[in-house]
There are 2 protein chains.
Amino acid sequence: MNSTRQALIDSMKELLWLRGYDATSPNQVLDHCGAGKGSFYHHFKGKKALAIEAMNERVDEMIDECDAIFTADIPWLKKFETFLLQPRAGIKGCPVGRLAFDPSMADRDLREPITRYFSHLQYRITNELMEAQQDNMIDSFFMAEELAAMIISSIQGGYVQSRALNDAQQIEHSCRGAFALLYVHTTALNESF
Amino acid sequence: MNSTRQALIDSMKELLWLRGYDATSPNQVLDHCGAGKGSFYHHFKGKKALAIEAMNERVDEMIDECDAIFTADIPWLKKFETFLLQPRAGIKGCPVGRLAFDPSMADRDLREPITRYFSHLQYRITNELMEAQQDNMIDSFFMAEELAAMIISSIQGGYVQSRALNDAQQIEHSCRGAFALLYVHTTALNESF
DNA sequence: GTCTATACACCGATAGAC
DNA sequence: GTCTATCGGTGTATAGAC
């Protein structure tokens, strides 16, 4: 059966979110899912191999959620409202972004899923902004890539502040600030027509 | 002499920046500054005590840099331009913010300097934005705290993206995006008068 | 496929000579 | 104030029985 194998992946996913890669030991994974050491090294070559599989599953899920919003048939500003103002676990942090400063990022293989996630986010958001610019909904003065980076930062930086201040609401403030700026700029542009 | 003691603090400051708290061992600090184990535990109670002292020094420096900008006698928008567009080591990350997801943040004493830094940043920036609002330079529609959180996020989230994509320029994009939004909104407001 | 026992390196910290 | 030797604990991984 694959159930033990999947249980190991699921436990690793959760512990990577809670504690990162470096601070998560095989023993912790085993305690979390109730498996034994033998199972671990039977199903996976080692900690690194399991973590890569776990991270790729996580990233696939996160990318699906992102795409569900940005490929929906709703107005562009509503997409950003949905994306930015969705509820988030400020203290836990982003399952992907929280690994950015984990010592494991020195390893190319372990960094790859994280790179894949942020590349995709930037691609989706930049595209959406460029379309809005073509429709004259956003001033062409802006570099779409820069706005996209700022929007992603309002989430990732929000998590950092939530953590640093031990206050789950910080990320909400950050995202509302980003959306407000986008919103006001857009309505101002529309009024001038 | 205090030179060994200060060398230990300086090495810990550098290693906290490069590798964080959890992944930095006393042995690494010793190798970095050439001291021996005896010196370490003579001058400090342990790893935690040294790290707290090192972090407080770092935070004091960072706060001084921040205050130098926001208490300068220059127009408010220029302050944000200076603050946001200053050169940054994207790959290394923020010496303070990079610790947000370090396992050590579970410890109140170790988190305290980090909390102090972000509290101060928010205080300074929120104040500056509120003054700009009183002078009708920024629309009162905005919540100053939310804009402040977003501005800090454009830096911290920019670091996260630089790390994740292994591209030092990402943080620059993010900060330019944030400043552009602030800049355009302000000039738009001025033109309407 | 899963278990227990074991190996070896490194962790944070201490002891005691100099 | 600084050194080396050493401690108990934990990390990742392997061996070999079942």
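A network of salt bridges links A:K13, A:E57, A:R58 and A:E61; a salt bridge is a side-chain nitrogen of Lys or Arg within 4 Å of a carboxyl oxygen of Asp or Glu. Over all chains, a search of the whole structure finds 21 salt bridges. The model is a predicted one, in which local features need pLDDT of at least 70 and side-chain atom pairs count only at pLDDT 80 or more, while totals for chains, interfaces and linings use all residues. Residues are numbered from 1 along each chain as its sequence is written, chains are lettered from A and ligands numbered from 1 in the order in which they are written, and side-chain values use heavy atoms, with hydrogens and water left out.

**Salt bridges within a chain**

- In chain A, the side chains of A:R116 and A:D60 form a salt bridge at 3.0 Å, N to O.
- This pair links distant parts of the chain, 56 residues apart: A:R116 belongs to helix α6 (residues 108-134) and A:D60 to helix α4 (residues 47-70); helices are DSSP runs of H or I with at least four residues, numbered from the N terminus.
- A:R116 is partly exposed at 27% relative accessibility, and A:D60 is partly exposed at 37%; buried means under 20% relative accessible area, exposed over 50%, and partly exposed in between, with a 1.4 Å probe and protein chains only.
- In chain B, a salt bridge joins the side chains of B:D107 and B:K48 at 3.0 Å, N to O.
- B:D107 lies in the loop between α5 (76-85) and α6 (108-134) of chain B, and B:K48 in helix α4 (residues 47-70), so the pair ties together parts that are 59 residues apart in sequence.
- B:D107 is partly exposed, with a relative accessible area of 25%, and B:K48 is partly exposed, with 30%.

**A salt bridge between the chains**

- The side chains of A:E146 and B:R176 meet in a salt bridge of 3.2 Å, N to O.
- A:E146 is in helix α7 (residues 144-165) of chain A and B:R176 in helix α8 (residues 170-191) of chain B, so the pair joins two chains.
- A:E146 is buried at 13% relative accessible area, whereas B:R176 is partly exposed at 39%.

**The interface**

- In chain A, 49 residues are in contact with 48 residues of chain B; contact means heavy atoms within 4.5 Å.
- The two chains bury about 4,100 Å² between them, 70% of it on carbon and sulfur atoms; buried area is the accessible area (1.4 Å probe) that two parts lose on being put together, summed over both.
- In chain A, the residues that lose the most area to chain B are A:F101, A:E146 and A:L181, together 19% of what that side buries.
- Between chain A and chain B the count is 2 salt bridges.
- On the side of chain A that touches chain B, the elements giving two or more residues are α6, α7 and α8 (170-191) of chain A.
- Of the elements on that side, α7(A) gives the most, with 16 residues.

- The same surface serves both copies, as 98% of the contact residues of chain A recur in chain B.
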